[in-house]
Number of protein chains: 2
Amino acid sequence: MACANKGKATLNLEPLFNPQSIAIIGCSQDPKRLSGLPLHYMQRHKYGGKIYPVNPKYQEIAGLKCYPSISAVPQPVDVALMLIPAAAIAGVLAECIAAGTKAAIIISSGFAELGPQGRAAQEQIAALALEANMPVLGPNCQGVINLVKGIPLSFTSALDAPSLRTGGLALVSQSGAVGSFTLAAAHEAGIGFSYWATTGNEASLNAETVAQYLLRQDDVSGVLLYLEEAKDPQGLAAAGQLAREVGKPLIGLKVGRYGAGKRAAMSHTGSLAGSDEEYTAAFKKAGIVRAAHIEEMFDLGLVLSDAIKPRGKRVAIVTITGGGGILAADRCEEVGLEVPLLDAETQAQLKKIVPPFGAVANPVDVTAELIASPGLLKETLKIIIASPSVDSIIIFLGMQERIGTSLAEDIAAMAKVAKAAGKPILVSWMAPPQGAVEVLRAARVPLIFDVVRTINALSHLLVKPEKEAERWPSTDPWGGKGPFAKKELRSLLLKLSGATDGEKERLTLTEAAGKEFFARLGLPVPRGQVARTAAEALKIAAKIGYPLVAKVDSPDILHKSDAGAVRLNLQSAPDVERAFGEIMANSRSYAPDARVNGVLLEEMVAGDPLQTIVGLKWSEKFGSLIMFGTGGIFVELLKDFSLHLAPVTQAQALGMVEELTTAKLFTGFRGSAPRDLQALAQTIVTISHVGAALGQDLLELDINPLFVLPEGEGVVVGDALIVLRGK
Amino acid sequence: MACANKGKATLNLEPLFNPQSIAIIGCSQDPKRLSGLPLHYMQRHKYGGKIYPVNPKYQEIAGLKCYPSISAVPQPVDVALMLIPAAAIAGVLAECIAAGTKAAIIISSGFAELGPQGRAAQEQIAALALEANMPVLGPNCQGVINLVKGIPLSFTSALDAPSLRTGGLALVSQSGAVGSFTLAAAHEAGIGFSYWATTGNEASLNAETVAQYLLRQDDVSGVLLYLEEAKDPQGLAAAGQLAREVGKPLIGLKVGRYGAGKRAAMSHTGSLAGSDEEYTAAFKKAGIVRAAHIEEMFDLGLVLSDAIKPRGKRVAIVTITGGGGILAADRCEEVGLEVPLLDAETQAQLKKIVPPFGAVANPVDVTAELIASPGLLKETLKIIIASPSVDSIIIFLGMQERIGTSLAEDIAAMAKVAKAAGKPILVSWMAPPQGAVEVLRAARVPLIFDVVRTINALSHLLVKPEKEAERWPSTDPWGGKGPFAKKELRSLLLKLSGATDGEKERLTLTEAAGKEFFARLGLPVPRGQVARTAAEALKIAAKIGYPLVAKVDSPDILHKSDAGAVRLNLQSAPDVERAFGEIMANSRSYAPDARVNGVLLEEMVAGDPLQTIVGLKWSEKFGSLIMFGTGGIFVELLKDFSLHLAPVTQAQALGMVEELTTAKLFTGFRGSAPRDLQALAQTIVTISHVGAALGQDLLELDINPLFVLPEGEGVVVGDALIVLRGK
């Protein structure tokens, strides 16, 4: 498993984010050039610490003494901001280390993004940083901004803004440009940040480590993390865990979901779940909230930082327009929130203050009367906050240039009351006056201009991760904490495969051997036996009883139906005899070189079985993953499956069933019996522990189908595919 | 069917939208009051026509002579803007008519929104307008703005903007407040409108009629229509038809989708499709593009007005940041667009100008080098427009305060070249400089700030309705153009029901009678016959042959399985005898009072049948609707069905199958045979004509299941439910 950040836990990022002194290496005299901009911005935003421009060409820049080299600077600086060409970086970085510089930011590009040669130069940086135990950001990044203290270590033109807007969110972005655009767009929406960091090529310091540092800062209410690739999965897990420990949200936007080309695989699990699903599973397990795009990242950041989690799904909508109320109610129901009729008592109280052409049932429409009656919105909110039929409140407004600020002040006051009552208030305000934006942002009342986005964010708030939530188990699958020991599982599988270790790269178990393995783990398998001859088949049939199922038993024929080597519902001895002959003949003609052990005869599973699929997938980044889906057509046609990091608990396994689109099939749908969910979940747990124990030694594992019987009747392994890594 | 707008086709709306003279009735001297604002805005925006304030209290307002009444105004005015209390409206409106006023806008509230009393007052307005054949807008609306000529007939504070931003889109909103907020939000996004109209309570003039007027105006590039309820379905159809005739998009946002309480119904069709699905079907048929929310309404309006339809799904992404390119590519693939590798020739040409640390494969990343190299973006676009592997182009940018305007000019120039080459260019620009916004809006290059919204809009562009698209057939289902005559179908059904006309409200056909009906229409039904005695059953069985299906035949037992009155796969005479006895006994105990004709014996459908469901639904607004879905668990669990206005053509019926999530099941999925799509579509067409012919005389009609056999083997009606309106 990749682990790029060894030893970084002890790194002190303070000089990077809160430097008392800065050296600008390669500083230009021209404030319009990229290498002149950082100094320009530091002066513009009145950085209070020491600035040392470094450039052998100049004596002075913008009123500051300029030094020929970092060695010439009279004191060790906290951070060196490096703007010199790529070829000079390694030498100057070594010089910085020698001069006692505590941290470095390499803005310069020309490294791994150029290919192999650049990669070597980048590795040199990494080695220097590691050796000196120095935080080094970049190369090819846009630097860092501490907005709280006004310390701009960047050339981003987002710094052209006359003042730095501050707020609780911090942003860490692997992409400099996306980070810049996001900062500028946030500024326009009146959203301020506390810290802003771009990590670029991540030669040494990565986004996961920076996110952890930022989560620990008092000024930070939540962290937005823009990822193209998680270079440090352990760091990601640690960041997620830390976020929950400190009770701050960590919102992840992972791009590059598509076109990643899924690895060809025999198993369904292998072919269904791509690398994007791995990230979804990892984020879920780590308690990192996944945003689908930049706007959602903002919205979730605001709402999860500043709003409390509602107790339930019942939303009251307060508006000044009937149409807006309907619009909001539509969206609430669309995302699974409820817009209940308010209780009679609340309605009666509202009727006393809301004009007769308004509405009090929910949505509550106080009408444009609000303009003439100061206090109407505040009184309305007071009544609704006290209502027992409400868990959260959406306020939908538009414009109101004249009274916007005072409306916002009323909302801010009532948001406090609502918070005390355990109910969040979210504001959707189309084309709001600037004054209202300032008031609401300052009061940390979540404000989103677009009503659909507001309600989407509210729906996420319902699943806000809790401080006490479960932690991500070690991503090291052979941590040895599960019920299974890797060594024993492996030798059992080797024995059942009939092979010796190291013989082949892929050791495939026959169905009978796979079922034997699962039976040893305590999973129910059908009674069955392999017959080598027709006569043996008849004897076995008589022993098991009818009806029977017959399938070829061969490690080399995995798609048994395609081979014409499966017969269902055999009712009599002649049926068995004929089936044996046909299966052997078909198998030989389908795969003349296949090793065929004979025909597996099994009792047919009775009791209206529901087909499901349970499997394992190995991820280079996140270790073993457990997959569960409704089988047959559903998993194929609808991609209806759930994927989690292994191992999972019984409760998590039940949650995996609930996540499915077809979840209703398990609780008794249209007259069919409710399924044995406990036995199903227990099976998922067991398989997940197999995955956690064996890790990448398991190349494929699928139970497809796993039959799930009616409640109390358990499950049955219908088919088994296991491929073990041999050497 | 509702038809509120009788005779309005001949109404002249010119005096409403382009008045040469305006009377402001109830004009206040206080420019801050609602009744003072319209005059204030007319003067502020320099209305060039005549203004006549009318108010008996004043001699003069804001430098204009004020008249005591409309009769005192020296000439007939084009439009009277009425701001007086509701109680006075009817009298003054009559006075206006007498004075020769050509149109009226009633801003005043206090009508139907107050209940029965207000409704009567509103009907009085409607009667006056109808009698005078005068366009009357409102009451309870926010009026009209002609932004092209600067004529504000409204009090909306969106008019506080220093200048009216103009553009090609027109907005018609039933909600005044939502209309205002939308206008203000559009202004902030740099989007101008040509006309803006709010229709309020629609006593007389409705949004559908206004939309038609606006579509005909040369200044209008497309119409946005915000609806809470379509009061004039025929007008909606006509607007959709007109939109396609004039080649302008009509974008509909219909709110109030949820909580409308679906009517309890016996049939699946009746219970599955609610009123919102009716609107979706009606919009589709009319060629009205349905927007899900306000922002999407803008985006679609811009893109469908100003961009040409791409020839295919292949998108080139041009960006200045790798991260942005990935973000855009993700979303493209998510919505079904393709981001192909560019052809070698195009890549080779791009390599000559794009820096080596950029990318030329697609996404094309020209990097921040763009800032230093004027013309780089333009050259890049030129090469990509000429590429044979590209159908459309997304440009993803952010900020660029310094060079934004010139970049925008380059883009505008290349957008023209691209248009000539049949390829649309859409621009996504985060936090764009104002100059760039102005340039792109003026050049009518679609610009959306958010990349996800841009790509969503592009995906809609692929299905942009064409001028030549099919028209909405008459919503009058008894137009008599289908193959069936209503009278004959009705008397056939009456006869088969064994009832006489007018006997009962609901006449339910037995399954056998329903199948007889479908057989007469030429649909294949299983061979079968009703047996009244066990002896008769045996005779029928011998005649049909085994295996057989047996079900009770009764007009009073619709849920036959629940009654234990279905037996499948009968193999022999004893099977038949036993089944007959059990079915008769179970039916008697399930429903002692039911009329039981006997047991229907049918051949069992062979050939791996796929279960589907075809049904009809009656809509008060839109007439008869045809529904098709994949049967069994799919329609129940996934709500996987398609709904269209009846009748449909063979091609439309095939389209209904393609719309399903489970469409793949019909074309041969996982080794199962492809289905007989032509026979299936023919059946859907036939049933749709039954719906169109019988209209609301059919209370319920379901074929559930309709078995669809492999290609060339046709379909079979598995069960039939028909309920006819008796009296």
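**Exercise 1. Placing one valine**

Task: In which strand of chain A is the place of Val315(A), and is Val315(A) buried or exposed?

Solution. Step 1: start with the secondary structure. Val315(A) belongs to strand S15 of chain A, which covers residues 315-319. Keep in mind as you work that this is a predicted model.

Step 2: count the surroundings. There are 26 other C-beta atoms within 10 Å of Val315(A). A residue is called buried when 20 or more such atoms lie within that distance. Val315(A) is therefore buried.

Step 3: list the neighbours. Leaving out residues up to four places away in sequence, Val315(A) touches Cys332(A), Leu337(A), Glu338(A), Val339(A), Ser392(A), Ile394(A) and Leu458(A).

Step 4: pick one neighbour and compare sequence with space. Leu458(A) is 143 residues from Val315(A) in sequence, yet their C-alpha atoms are 9.4 Å apart.

**Exercise 2. The strand in the other copy**

Task: Now turn to chain B. How many residues of S15(B) are buried, and which way do Val315(B) and Ala316(B) point?

Solution. Step 1: check burial. Five of the five residues of S15(B) are buried, so the rest of the structure largely encloses this strand.

Step 2: recall a rule. Side chains in a regular strand alternate between the two faces of the sheet.

Step 3: apply the rule here. Val315(B), Ile317(B) and Thr319(B) point one way, while Ala316(B) and Val318(B) point the other way.

Step 4: find the partners. S15(B) runs parallel to S17(B), and five bridges join them; in this pairing, Val315(B) has Ser392(B) as its bridge partner. S15(B) also pairs with S16(B) in the parallel sense, over two bridges, and Val318(B) stands opposite Val364(B) there.

**Exercise 3. Two covered helices**

Task: Which residues of helix H14 of chain B are buried, and how many residues of helix H6 of chain B are buried?

Solution. Step 1: begin with H14(B), residues 376-386. Its buried residues are Leu376(B), Leu377(B), Thr380(B), Leu381(B), Ile383(B), Ile384(B) and Ile385(B).

Step 2: see what covers them. The cover includes strands S15, S16 and S17 of chain B, along with helices H12, H13 and H15 of chain B. The strand from Exercise 2, S15(B), is one of these covering elements.

Step 3: move to H6(B), residues 207-215. Nine of its nine residues are buried, including Glu208(B), Gln212(B) and Tyr213(B).

Step 4: name the cover again. For H6(B) it includes strands S10, S11, S12 and S13 of chain B and helix H7 of chain B.

**Exercise 4. A sheet and a core**

Task: What is the strand order in the open sheet of five strands in chain A, and what does Leu81(A) touch?

Solution. Step 1: read the order. The strands follow S2-S1-S5-S6-S7, with parallel pairing. S2(A) and S7(A) are the edge strands, each pairing on one side only.

Step 2: look at one pair inside the sheet. Four bridges join S5(A), residues 79-82, to S6(A), residues 103-106. Met82(A) stands opposite Ile106(A).

Step 3: go to the core. The largest nonpolar core has 498 residues, and Leu81(A) and Leu81(B) touch the most other members. Apart from residues up to four places away in sequence, Leu81(A) touches Ile22(A), Ala23(A), Ile24(A), Ile25(A), Pro38(A), Ile105(A), Ile107(A), Gly143(A) and Leu153(A).

**Exercise 5. The whole chain and its copy**

Task: Into which domains is chain A divided, and what rotation superposes chain B on chain A?

Solution. Step 1: survey the chain. Chain A has 24 helices and 30 strands, and 57% of its 727 residues are buried.

Step 2: divide the chain. Domain 1 is 8-304, domain 2 is 310-461, domain 3 is 479-523 + 607-727, and domain 4 is 527-604. The C-alpha centres of domains 1 and 3 of chain A lie 41 Å apart.

Step 3: superpose the copies. A rotation of 180 degrees with 0.0 Å of shift along its axis brings chain B onto chain A, with an RMSD of 0.1 Å. That is the relation of a two-fold axis. The same surface serves both copies, since 100% of the contact residues of chain B recur in chain A.

Step 4: describe that surface. In chain B, 50 residues are in contact with 50 residues of chain A. The largest share of the chain B side, eight residues, comes from H11(B). By class, this side has 23 nonpolar, 14 polar and 13 charged residues.

Definitions and conventions:
Residues numbered from 1 in each chain as written. Chains lettered and ligands numbered in written order. Predicted model: local features only at pLDDT ≥ 70, side-chain atom pairs only at ≥ 80, totals over all residues. Buried ≥ 20, exposed ≤ 12 C-beta atoms within 10 Å, placed from the backbone. Contact = placed C-beta atoms within 7 Å. Least-squares fit on C-alpha atoms with pLDDT ≥ 70 in both. Core = buried A, V, L, I, M, F, W, Y, C linked by C-beta atoms within 7 Å. Domains from an automatic or database assignment. Pairing = 2+ DSSP bridges. Nonpolar A, V, L, I, M, F, W, Y, C, P; charged D, E, K, R; others polar.
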